[in-house]
Amino acid sequence: MLRSLPPLRIGQHTAHYPIVQGAMAVRVSGASLAGAVANAGGVGVISSLGLGLNSPYFGTRLRQGTFFIANQLALVDELQKARALSPDGMIGVNILVATKDYSVVARTAAANGANLIITAAGLPLHLPAYTASYPEVALVPMVCGLEAVQTICQTWQQQYDRLPDAFIVENSKAAGGHIGTTCEEFNSQIENVLPHIQNYLQNQLQVTIPLIAAGGIWERADVDRMLALGASGVQVGTRFITTEECDADRRYKEFHLNASSGDVVVVPSPVGKPARALRNAFAEKAIAASPDLERRCIANCLENCLCRDHRQSYCILQALAKAACGDVENGLVFSGANVGRAEQILSVAEVMAELTGVRDAVIA
Ligand SMILES: Cc1cc2nc3c(=O)[nH]c(=O)nc-3n(C[C@H](O)[C@H](O)[C@H](O)COP(=O)(O)O)c2cc1C
């Protein structure tokens, strides 16, 4: 008989199951997916990247500046919708440190009821300053290795007298979307990285901070494997794409459903990091650095962008949004390495039941 899974405590909040739904841009994980996962006892996460784009707040005239206001307003809407779906569930917002409006989005998320803020794509060295008025909001940086953990802990202790409430540790060998770039990050097995981080936290800092393992988690056995390594929970992205509640267009879900592991490629991105995605016409062009790629910057979203600053690569916001809206050949379809295992589109409750091993996983 399966042992029952422990709850996941992050700061002042507790999720019934140690399952965090990975943020997926653009609008692949919005209020619908996040609310459903939170309702089923996991942690639902809204991806904040580019929320303003297909919102009523961003007109057809693409004026500079309006995009950032649209992002804030759309995030408030999304948080309200998720909270209406799951009044008591645990709901987080994922923010990319590499975006220009990162600090504003972090404040907006904290002020509008997010239980936790997860950061990715950069070191969130000043995140505690942005959310200082909201001590109940848990802060969770996503990292690939020990070096990032050390830098964040040292900076936060010195400047803010606090530490993160949890870390998400991403397995670059399997995770979807942007993946680690340094040799250390790319070649490290999560089986080695997790104990290193744990050892540093326990023996050098003498603290216990929950670690959440991300990348390649598909079923209960994967959850058990990560918990046995010392993780307090797992983060799951790709598996939630083929759900009814996933916010992406049906064609995006079906593209995932019909893909196999042989379709997974690593594409360059304007962020300057490689990213794991599914092979399609767009990915082929991105890999070949084809001159046909759309190089118009539509929203000036990133601090440093190869597309805007050097007319290289492509506009990632446009590419991700296009795919999520259903243009799965001309957009960028991020995916984890273990795509191809989904046999049909399921409800979030069914996926949670498989991940937890509890048939009736819906608790709310
Ligand atoms: C479609 C897609 C979009 C993603 N977008 C983001 C994002 O906006 N922010 C982020 O931190 N991670 C993003 N990720 C990574 C996931 O949150 C998660 O960590 C990763 O997919 C876990 O690996 P798995 O897909 O094998 O479960 C994305 C992944 C996918 C598949």
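Axes here are lines fitted to C-alpha atoms, for helices over the stretch in contact, and angles run from 0 to 180 degrees between N-to-C directions. With that in mind, this briefing on a predicted model turns to two pairs of packed helices, H5 with H7 and H1 with H2, and to the shell of 28 residues that surrounds the ligand.

**Helices H5 and H7**
- Helix H5, which spans residues 146–160, and helix H7, which spans residues 190–204, have axes that come within 9 Å and cross at roughly 25 degrees.
- Because angles under 35 degrees count as roughly parallel, H5 and H7 are roughly parallel to each other.
- H5 passes H7 in a right-handed crossing, and the contact is made by Leu-146, Val-149 and Gln-150 on the side of H5, together with Val-193, His-196, Ile-197 and Tyr-200 on the side of H7.
- Sorted by class, the contact of H5 with H7 consists of five nonpolar and two polar residues, with no charged residues.

**Helices H1 and H2**
- Helix H1 (residues 31–39) packs with helix H2 (residues 66–85) at an angle of about 35 degrees, and their axes are 8 Å apart.
- The crossing in which H1 passes H2 is right-handed.
- From H1, the residues Ala-31, Ala-34, Gly-35, Ala-36, Ala-38 and Asn-39 meet Glu-78, Lys-81, Ala-82 and Leu-85 of H2, and by class this contact has six nonpolar, two polar and two charged residues.

**Surroundings of the ligand**
- Of the 28 residues that surround the ligand, the closest are Gly-22, Ala-120, Gly-176, Gly-237 and Gly-336.
- The shell around the ligand divides into 13 nonpolar, 13 polar and two charged residues.

Technical notes
Residues are numbered from 1 along each chain as its sequence is written. This is a predicted model: local features need pLDDT of at least 70, side-chain atom pairs count only at pLDDT 80 or more; totals for chains, interfaces and linings use all residues. A residue is near a molecule or strand if its C-beta atom, placed from the backbone, lies within 6 Å of it. Ala, Val, Leu, Ile, Met, Phe, Trp, Tyr, Cys and Pro count as nonpolar, Asp, Glu, Lys and Arg as charged, and the others, Gly among them, as polar. Helices (H or I, at least four residues) and strands (E, at least two) are DSSP runs, numbered from the N terminus. Angles under 35 degrees count as roughly parallel, over 145 as roughly antiparallel, 65 to 115 as roughly perpendicular and the rest as oblique. A crossing is left-handed if the near helix is turned anticlockwise from the far one by less than a right angle, and right-handed if clockwise. Two residues are in contact if their C-beta atoms, placed from the backbone, lie within 7 Å.
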